[in-house]
Amino acid sequence: MRTILPFGPQHPVLPEPIHLKLVVEEEKVVEALPNLGYVHRGLEKLTDIRDYNQMVNIVERVCGICSCIHALNFCEAVEEMMKIEVPQRAHFLRVMWSEIHRIHSHLLWLGLFADGFGFESLFMQLWRIRERSMDLMEATAGNRVVISTNIVGGVRKDITEEQKTWILAEIDKIEAEVRQVEKTLLSDYTVKSRCCGKGVLTKEQAHQLGAVGPCLRGSGWAQDARMTGYAAYGQLDFEPVVEHDGDSYARCVVRFREVYTSCDLVRQALAKLPGGELAAKFKAKPEGEVWRRVEQPRGELFYYIKGNGSKFLERVRIRTPTFANIPPLLAMLPGCDLADVPVIVLSIDPCISCTER
Amino acid sequence: MFEMTRNVLKNLMGKYSTRLYPFDTREPFERFRGTLDINVEECIFCSTCAKKCPSQCITVDVKNRTWTCDSFACVYCAVCVESCPTQCMSMYPVTKPAAGEKSLIFYQGAAKIKKPKAEKPA
Ligand code: SF4
Ligand code: SF4
């Protein structure tokens with residue numbers, strides 16, 4: 001017998017509202033239909049009344065977790081449109097902050113994931129490690145999450161030599177502490193039984209449905225927008241993390257290993273950090289059309305902006321990674337047990353308020 | 001499962017990772033953007049801050065020489081602080097205390113007695 005069960009918008013595992021209509025046949029999910037739109041805020045439309053400099057602060061608020069990367073993408077798009085040459089130091093600092101952001105986002109997710117299948121103490125442990133990355137941001141930029149360091153033309157904040165040494169020491173500690181929980185999270189029997197083989201997304205499906213980020217890389221595609229070399233990534237040594245199983249576990253492993261890559265990228269960026277200006281001066285007004293993509297913790301983030309020669313942009317279009325990952329999610333759910341739905345939904349790292357903007 | 005044992009013991013034996021918050025607070029970071037304030041004596045009521053503010057929470061009344069900021073709409077981005085020509089605004093690394101009701105930060109500047117030329121800040 002078929003039953004339709006509502007999942008969400010309020011659900012213990014979901015920090016944000018998404019509603020899924022689950023068509024269930026004897027505890028097995030047959031079909032899932034999403035229902036979005038609970039937290040639409042109309043941020044794109046704000047471009048009518050806020051100029052492009054103020055928009056940087058607004059796009060930062062699209063996502064509460066990867067705010068800095070939104071601003072980075074927006075600034076890069078405007079810079080490309082106005083042909084601003086960004087100083088090298090700014091590029092490297094942008095990479096540093098993006099990667100610290102990625103560490104904090106992934107640790108947040110890993111904690112929530114552990115909590116999703118009831119491993120409360122691991123959740124606490126991971127969030128405790130995460131506090132270090134929050135401190136890094138607060139001490140260098142002045143805020144814990146919405147750090148507002150990117151501006152059109154460069155960055156606003158600089159780091160001192162002492163801070164550099166301290167950041168490197170903290171990054172080492174983060175890495176060491178994450179390594180300590182690696183075995184617990186990745187080889188534990190309970191964890192594996194809740195994740196392995198659950199919510200499989202095959203390589204073909206991932207490609208056809210346009211999955212991005214850890215969802216895509218967990219299904220065997222070595223695709224990461226950081227490979228395009230935006231900001232200073234082109235000058236750093238970077239290999240995307242790839243897993244081949246396509247299940248919840250693979251996505252978890254990808255994120256786990258990306259924490260190490262991020263630590264490594266922060267070190268590289270700081271080792272190569274050149275001196276010089278923080279931000280370029282410019283006089284132009286944005287005109288023309290530009291699109292730009294960068295890699296967020298959740299996947300590829302896409303910005304399209306159109307300027308009309310005034311200080312107000314004509315259009316800002318944001319496609320966030322969760323938006324792209326919802327069709328793959330709907331392909332993962334059919335066939336799974338009802339009890340596994342929360343963990344599978346979590347495994348795409350849903351960020352609903354950025355999806356709806 | 002034994003990998004966590006060390007951690008568990010450390011958590012049991014070691015000192016707390018959390019603080020007893022309102023009684024035991026942490027030294028804030030120097031760059032922390034906590035509260036916003038203005039030295040109204042130096043303000044020339046040019047409205048730059050009001051124009052640059054992304055949340056548009058500052059109102060500058062040039063005629064009556066008042067400066068108002070809705071501190072509950074402010075997002076503490078420090079754009080205004082950086083753009084002020086006389087550098088009369090500052091941010092302090094103090095957490096904004098909890099409030100029972102919404103209030104505005106309101107300042108009334110001294111009346112313009114001297115001629116505009118003498119008004120220029122040092
Ligand atoms: S920018 Fe500075 S001087 Fe101008 S109105 Fe604002 S606080 Fe006063
Ligand atoms: S800190 Fe930012 S939001 Fe607050 S008043 Fe200044 S510019 Fe506006």
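Predicted model: local features only at pLDDT ≥ 70, side-chain atom pairs only at ≥ 80, totals over all residues.
Let me begin with one residue of chain A: A:Thr202, leaving aside residues up to four places away in sequence, touches A:Ser219 and A:Gly246.

A:Thr202 sits in the loop that links helix H6, residues 189–195, to helix H7, residues 203–208, of chain A.

Two packed helices are described by the angle between their axes and the distance between the axes. For helix H1, residues 52–60, and helix H2, residues 67–82, both of chain A, the axes come within 7 Å and cross at roughly 150 degrees. That angle makes H1(A) roughly antiparallel to H2(A), because angles over 145 degrees are counted that way. The crossing of H1(A) and H2(A) is right-handed.

Which residues of H1(A) and H2(A) meet? From H1(A) they are A:Tyr52, A:Met55, A:Val56, A:Val59 and A:Glu60, and from H2(A) they are A:Ser67, A:His70, A:Ala71, A:Phe74, A:Cys75 and A:Val78. Sorted by class, this contact of H1(A) with H2(A) has eight nonpolar residues, two polar and one charged.

Now to where the chains meet. The contact draws 16 residues from chain A and 13 residues from chain B. On the chain A side, the elements giving two or more residues are H1, helix H4 (120–141) and helix H5 (161–186), and the largest share, five residues, comes from H4(A). The residues on that side of chain A divide into three nonpolar, eight polar and five charged.

Chain B itself has three helices and five strands, and its elements run, from the N terminus on, α-β-α-β-β-α-β-β. Of the 122 residues in chain B, 12% are buried. If we take the contacts in chain B between residues at least 6 apart in sequence, 73% of them join residues at least 24 apart.

Two residues of chain B deserve a careful look at their backbone. Most residues other than glycine have a negative phi. B:Phe45, however, has a positive phi, near 55 degrees, and its place is in the loop between strand S1 (35–38) and helix H2 (48–52) of chain B. B:Phe45 counts as partly exposed because it has 18 C-beta neighbours inside 10 Å. B:Ala78 likewise has a positive phi, near 70 degrees, and lies in the loop between strand S3 (66–69) and helix H3 (79–83) of chain B. With 19 other C-beta atoms within 10 Å, B:Ala78 is partly exposed, because a residue is counted as buried at 20 or more.

Finally, the ligand. How many residues surround ligand 1? There are 14, and the closest are B:Cys43, B:Cys46, B:Thr48, B:Cys49 and B:Cys84. By class, the shell around ligand 1 holds 11 nonpolar residues and three polar ones, with no charged residues.

Key: Residues numbered from 1 in each chain as written. Chains lettered and ligands numbered in written order. Near = placed C-beta within 6 Å. Nonpolar A, V, L, I, M, F, W, Y, C, P; charged D, E, K, R; others polar. Helix = DSSP H or I, 4+ residues; strand = E, 2+ residues; numbered from the N terminus. Contact = placed C-beta atoms within 7 Å. Axes fitted to C-alpha atoms, helices over the stretch in contact; angles between N-to-C directions. Parallel < 35°, antiparallel > 145°, perpendicular 65-115°, else oblique. Left-handed = near helix turned anticlockwise from the far one by under 90°.
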